Amino acid sequence: MNIISLPKNYLIARYIYLTEKLSELPAVSVGRHKGSPVFRVRTGDRSRIFKEGSANGIKARNLYELRGRVTAIIEEIRKSFSEDIGKISSGFSIRPYEDTKLGREFYRSAVPDATTFEKKSRYVLNGINYRSRVEFMIAQVLTDMGLEFKYECDIPCGDTTNNADFLVYLPEFGRCFMIEYLGRLDDEGYVYRNSVKIRDYLSSGYYIGTDLLILCGNEVEMPSMDTIRSSIRHMIELLTSQHLTPVGAVTF
């Protein structure tokens with residue numbers, strides 16, 4: 001994950017979120033008991049020992065590895081700040097997303113790759129086949145930024161359903177946003193079809209700048225990696241400003 005590519009205000013929110021999650025996880029250590037490798041799991045005042053390879057031992061290992069990943073991200077965030085991130089974050093709180101349309105449960109239930117198009121693309125990343133070079137580039141940027149996403153998910157829009165290119169999840173706020181790439185704006189029929197799609201989004205309460213990021217191109221021009229990265233970064237910065245609030249601030 002490229003921490004530098006993420007907005008500072010979002011990193012504060014991520015630090016708050018991860019430190020809270022880490023405090024909720026049981027403490028796990030690796031050791032030996034009677035000559036056998038074991039995991040020691042402590043929850044409150046209770047400590048349990050599980051043999052490596054047992055069913056509970058496998059769960060303990062997964063928990064141990066999860067703590068390690070979370071701790072590593074927290075440390076990476078700390079290093080990206082010249083000031084004490086712990087002190088900075090203590091002055092903020094996170095106001096969670098309250099709508100259900102693009103909330104936590106919506107993301108969990110969203111089915112990726114909902115389309116049935118025949119896959120002949122050579123653009124493959126982490127086992128996912130992308131329709132176009134630009135969509136492949138978007139996936140590369142999202143992956144590099146350490147963002148969780150799903151490709152091509154159905155989005156309910158009133159009586160119809162649209163298929164979003166990307167559904168990006170921000171666990172810190174419990175919300176998603178969509179990314180649509182319109183890559184053939186020099187094709188009149190394509191423009192019309194997608195204008196209907198965007199109208200469906202808007203009439204269903206999905207708004208550009210809060211729920212939807214649109215990237216554009218045509219047959220000869222397409223956004224660069226830097227443009228994609230800066231656009232996603234700006235979107236995250238705007239969303240963070242809605243959810244990361246100074247302690248004691250009045251919100252409406």
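What volume does the largest pocket have? The largest pocket has a volume of about 560 Å³. The model is predicted: local features need pLDDT of at least 70, side-chain atom pairs count only at pLDDT 80 or more, and totals for chains, interfaces and linings use all residues. Residues are numbered from 1 along each chain as its sequence is written, and side-chain values use heavy atoms, without hydrogens and water.

A pocket is an open set of points on a 1 Å grid over the protein atoms alone, where a 1.4 Å probe fits, with protein on both sides within 12 Å along at least five of seven lines; lining residues have an atom within 4 Å of a point. Volume is the space filled by probe spheres set on the points.

| Pocket | Volume | Lining | Classes |
|---|---|---|---|
| Largest | about 560 Å³ | 24 residues | 5 nonpolar, 8 polar, 11 charged |

E135, Y181, G183, R184 and Y190 lie nearest the centre of the largest pocket.

Helix α7 covers residues 225–243 and includes T240; helices are DSSP runs (H or I) of at least four residues. T240 counts as buried because its relative accessibility is 0%, where buried means under 20% relative accessible area with a 1.4 Å probe, protein chains only. T240 touches N9, Y10 and F173, not counting residues up to four places away in sequence; contact means heavy atoms within 4.5 Å.

Definitions and conventions: Helix = DSSP H or I, 4+ residues; strand = E, 2+ residues; numbered from the N terminus. Buried < 20%, exposed > 50% of the residue type's maximum accessible area, 1.4 Å probe, protein only. Nonpolar A, V, L, I, M, F, W, Y, C, P; charged D, E, K, R; others polar.
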